[in-house]
Number of protein chains: 4
Amino acid sequence: MNLIDYQDSRPIYEQIVENFKTQMYKGILQADDQMPSVRSLAMELSTNPNTVQKAYAELERQGFIYTVKGRGNFVKGNTSMMDNKKNELINAITELFKEAQDIGIPIDELVGEIKKRLSSMGIVACTASDKLGKEGGYHD
Amino acid sequence: MNLIDYQDSRPIYEQIVENFKTQMYKGILQADDQMPSVRSLAMELSTNPNTVQKAYAELERQGFIYTVKGRGNFVKGNTSMMDNKKNELINAITELFKEAQDIGIPIDELVGEIKKRLSSMGIVACTASDKLGKEGGYHD
Amino acid sequence: MNLIDYQDSRPIYEQIVENFKTQMYKGILQADDQMPSVRSLAMELSTNPNTVQKAYAELERQGFIYTVKGRGNFVKGNTSMMDNKKNELINAITELFKEAQDIGIPIDELVGEIKKRLSSMGIVACTASDKLGKEGGYHD
Amino acid sequence: MNLIDYQDSRPIYEQIVENFKTQMYKGILQADDQMPSVRSLAMELSTNPNTVQKAYAELERQGFIYTVKGRGNFVKGNTSMMDNKKNELINAITELFKEAQDIGIPIDELVGEIKKRLSSMGIVACTASDKLGKEGGYHD
DNA sequence: GTGGTCTAGACCACC
DNA sequence: GTGGTCTAGACCACG
């Protein structure tokens, strides 16, 4: 469990939720893995058990974990988890591109800069754009 | 001025700020245009003058407007405005792509889907990716 | 607001939620009516503001109210509310009838007894059974 | 013995109780049949013997089984069992109808829909209501 | 004034 | 041991 950023404006319980969700997306936490107990995690994060409890309740509500009373919280094997996340990302990015379009920022410039940054992080964005670009379909 | 969405979780003053910023980006509000007075806008939005005041203060802090005592608030002709916005968008999108990469979603799929959606909205995303993909500028 | 039954095994916050939901179903609370403030209701019920807060959060999550920060909670004008409730009731009752069937209790007996009880409460169940039973069997 | 649903919010011991009760209602378990031993059932359900013990204690308290020291637990031949269950069901259904009435849902609609569903499951709900309506058996 | 979050500490049911 | 609920009291952002 990563540490909490007390500088962050987001509430602590929300940060906990986010942390666990990414851990699941990344496969660090897998189906039926046991979550740390409310109390122990509270100790580890030096926060209040109620706060952790709230985070777990939220995770359960969103379908990421399930609770066995008296035993603990466990990761739910949610097959559609990935698809949801993918759609979420697609929506978010599309929305941003649309916004750029609205205020007249040329998409070319955006994409160019983004690609530069991604590749400087070692992310092979080119393959993607490549496929996009390919067969010369769009050479204006 | 568009209406405020009271069901939105974001604070009202922030919605006002956002509204004005997009109006400036879109060119609806231009340099040295006069902003509506605090009181009149508060009336129009049927909200508290304090709230409008807070929004204007925030806009001034961010360098989007300037105040002339006794006369009112005016739009600042900020040449770097666009660049800031562009950078903001680039950062946001890059961040999202990075996240996708982190959890193992193939960027290809994302870009493909996004492209589909943009073009279905009449936004010519293809030209952008094209230029990217072509001249091989960023391949290494 | 009805009183809380501290004998009831259900948690207090859940009782509060239920109370408000029925008040909405009955039309006592209508769209955009303001809910009592968290603190005042807590006082009235002589319970803790946190408990009321939890109830309100749940009501918001379920789409029955919306929150305007700094102003209060308000009833959401949910048109599909009634339909949801109706379906819920139908499901519950059907489930019970199915259970009876499963363990071999003749449905006739059940319906007979239920009808007796409903009419003794002044509920005109007969009209309903009428349609069911068709052609004018019951002109009493 | 059916399996336990650990994702179910109800406590495990309660699920065990329910399971046995329906088995008795359905006649799968009959008077003086021996119940599985606490330990073996605990193994079978891979749960804690304490939990099974608690379930058996509850079943005994409710008059469904009796204990012979050193021999085991046995099903009680309780003639009033069925009547209790019937009353329970009648109460539950009546309560739901009353609730519907309270919030102004026309009982006709409810009954109509329920009838549709029951018959689509092959349960002859119609005959029941029919008998009700016809020979006037329950009219007074 | 409003709601939202958090802490500290308690009690309960369940396993 | 586990999670779930509740209290008392605090602090913050928002209007």
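This briefing walks through a predicted model, from one whole chain down to single residues. Local features are included only at a pLDDT of at least 70 and side-chain atom pairs only at 80 or more, while totals for chains, interfaces and linings use all residues. Residues are numbered from 1 along each chain as its sequence is written, and chains are lettered from A and ligands numbered from 1 in the order in which they are written.

**Chain A as a whole**

- Chain A has an average pLDDT of 86, and 87% of its residues score at least 70; pLDDT is the predictor's confidence in each residue, from 0 to 100.
- Watch residues 126–140 of chain A, where the pLDDT is below 50. That stretch still has 30 contacts in the model beyond near neighbours in sequence (two residues are in contact if their C-beta atoms, placed from the backbone, lie within 7 Å).
- Chain A contains six helices and two strands, and along the sequence they run α-α-α-β-β-α-α-α. Helices (H or I, at least four residues) and strands (E, at least two) are DSSP runs, numbered from the N terminus.
- Of the 140 residues in chain A, 24% are buried. A residue is buried if 20 or more other C-beta atoms lie within 10 Å of its own, exposed if 12 or fewer, and partly exposed in between, with C-beta atoms placed from the backbone.
- Among the chain A contacts with a separation of 6 or more, 49% join residues 24 or more positions apart.

**Two helices crossing inside chain D**

- Two packed helices are described by the angle between their axes and the distance between the axes.
- In chain D, the axes of H1 (residues 12–25) and H3 (residues 49–61) come within 8 Å and cross at roughly 50°. Axes are lines fitted to C-alpha atoms, for helices over the stretch in contact, and angles run from 0 to 180 degrees between N-to-C directions.
- H1(D) and H3(D) are therefore oblique to each other; angles under 35 degrees count as roughly parallel, over 145 as roughly antiparallel, 65 to 115 as roughly perpendicular and the rest as oblique.
- On the H1(D) side you'll find D:Ile12, D:Tyr13, D:Ile16, D:Val17 and D:Phe20, which meet H3(D) residues including D:Val52, D:Ala55 and D:Leu59.
- Sorted by class, this contact of H1(D) with H3(D) has eight nonpolar, one polar and two charged residues. Ala, Val, Leu, Ile, Met, Phe, Trp, Tyr, Cys and Pro count as nonpolar, Asp, Glu, Lys and Arg as charged, and the others, Gly among them, as polar.

- Helix H4 (residues 81–102) of chain C and helix H5 (residues 107–120) of chain D have axes that come within 10 Å and cross at roughly 50°, so H4(C) and H5(D) are oblique to each other.
- C:Leu89, C:Ile90, C:Ile93, C:Thr94 and C:Phe97 in H4(C) meet D:Leu110, D:Glu113, D:Ile114, D:Arg117 and D:Leu118 in H5(D).
- The residues of this H4(C)–H5(D) contact split into seven nonpolar, one polar and two charged.

**Residues to look up**

- C:Val52 sits in helix H3 (residues 49–61) of chain C and counts as buried because it has 25 C-beta neighbours inside 10 Å.
- Leaving aside neighbours within four places in sequence, C:Val52 is in contact with C:Ile16, C:Val38, C:Leu41, C:Ala42 and C:Thr47.
- Most residues other than glycine have a negative phi.
- A:Asp32 is not a glycine, yet its phi is positive, about 70°. A:Asp32 lies in the loop between helices H1 (12–25) and H2 (38–44) of chain A.
- D:Ser46 also isn't a glycine, and it has a positive phi of about 40°. D:Ser46 is exposed, with 9 other C-beta atoms within 10 Å.
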